[in-house]
Amino acid sequence: MSSSRPVTHKQAKQAAGAAGRTVSLVTLGCARNEVDSEELAARLEAAGWTLSGDGDADVVLVNTCGFIQAAKQDSIDELLGAGSGGAKVVAAGCLAERYGSELAEALPEAQVLSFDDYGDIAARLDAVLDGRRWPAHQPGDRRRLLPISPAGRPGAAGSGAHVPGHGTVAPDLPPGIAPASGPRVLRRRLDGGPVAPLKIASGCDRRCSFCAIPAFRGAFVSRPPQDLVAEASWLAGQGVRELFLVSENSTSYGKDLGNLRLLEAVLPELAAVPGIDRVRVSYLQPAELRPGLIEVMTSTPGVVPYFDLSFQHASGRVLRTMRRFGDRERFGALLDQIRGASPEAGVRSNFIVGFPGETEEDVAELHRFLTEARLDAIGIFGYSEEDGTEAASLPGQLPADEIARRVEDLAGLADELMAQRAEDRVGESAEVLIEESFGRGRYGGRAEHQAPEVDGTTQVLAGGRLTPGDMVRARVTGAEGADLVAEMIDVIDAPARGTRRVEPA
């Protein structure tokens, strides 16, 4: 006689361990991939798989990056090393989606999954563990899976294609996974720190000539505002104090929901979530940065005046070949507008050097812009010829050694300029989110102009005990490269946004 009594989450985990269903998740690439991995983790744990952080897992699931050549090589190296302990190896993420069967043929030691396998990820790993070979997908342009018109996309993502980070689940969830009441966002935190990425959209509708991301990530799809607020509330309950809003293009948020100004409305809602002290927006397109959004980002309590602007170059001629907007003068005017609203606003950007046809005059124009712009963080990348992009067939392809020379020259300049900008901040008062302790009254954190992972950090000297998640007000006393040194003034009480004096250690 069989029993219909439901199996508890604890029993499912015990059974999973006994049956040898353990998985180690490795995440490469950007913060968007981190969110996707947390969706995969939630789906696997809900299906009875045990997440393992050590090297004895039965399956190693690598969430790969496929953005540029260096990232692709890192992903391949990780896949090659993942099975050294005898584990089954599975490739997911951007590299797997972009190359599919080609990657599977080149790496027979790994099984390759598509984004469309995420909804059944537990069944896919069950098959892998049973020794079955799951057929790798034939890669295609994912933009064709959704309507061309953004207005036709709401609701289409669930039926036409899986959009990572937008998943929903049944109500019976194990502890640690986002609640099923209200908008049922599927997520299981893999990092317990006070900062978490929050995916607001996926995909991109732009047609930059150097970029392959839209083809394998698909058309732009926004997440509904209620989903974002619900997930932000859940993250706050998990100890998160800073939301890092991520997407391929945050300034397009809401266009497929019928409101191009939706981000301006959502930011105050997210900042008002109890327990959330700081909201940061990433991946802003200069061509789409509206005055209203600048106003909201520089005047809303809890929304930091931080502008992650995708300039890519400063020569108008090169930018037009990239199918991008702007030039040195226009970008300078945009920075003036931002700093007119918030003089201490943080600004970062990335630049591609060695693009096909780039001349010494173009490099000089970029050099001049960087010198004038006073950016807090600068990323310099050499042009990488990407399969299927328009730029790969352009005339004027530069030799690799010339690209490397230009990168080295401009990266050296960028280091100098970032150090100068950090020196400019000496004497300022900064709100710093504490993330780690170095001992002896020294703590590591980030000021408002410093995003996680990609920007500098702030070392805080305090006369009392602090813990990760504390927000403190500090006076900047020095700079070390792009990093700051500061002395604490007060600990900021998050709920009331008041201050208190910290007790001596």
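Residues are numbered from 1 along each chain as its sequence is written, and side-chain values use heavy atoms, without hydrogens and water. In this predicted model, local features need pLDDT of at least 70 and side-chain atom pairs pLDDT 80 or more, while totals for chains, interfaces and linings use all residues.

**Exercise 1.** Determine where Q285 lies, whether Q285 is buried or exposed, and which residues Q285 touches.

*Solution.* 
1. Q285 sits in the loop between β10 (278-281) and α11 (291-299); helices (H or I, at least four residues) and strands (E, at least two) are DSSP runs, numbered from the N terminus.
2. The relative accessible area of Q285 is 8%, so Q285 is buried (under 20%; exposed is over 50%, partly exposed in between; 1.4 Å probe, protein chains only).
3. Leaving out residues up to four places away in sequence, Q285 touches R206, N249, T251, S310 and R324 (heavy atoms within 4.5 Å).

**Exercise 2.** State how many cavities of 30 Å³ or more the whole structure has, and describe the lining of the largest.

*Solution.* 
1. The search finds 4 such cavities. A cavity is a set of points, on a 1 Å grid over the protein atoms alone, where a 1.4 Å probe fits but cannot get out; lining residues have an atom within 4 Å of a point.
2. The largest cavity is lined by 14 residues, with R142, L146, V163, R217 and G218 nearest its centre.
3. By class, this lining has 8 nonpolar, 4 polar and 2 charged residues (Ala, Val, Leu, Ile, Met, Phe, Trp, Tyr, Cys and Pro are nonpolar, Asp, Glu, Lys and Arg charged, the others, Gly among them, polar).

Notes
1 Å grid on protein atoms, 1.4 Å probe; cavity = no way out; pocket = protein on both sides within 12 Å on 5 of 7 lines; lining within 4 Å. Points joined across faces, edges and corners; volume = space filled by probe spheres on them.
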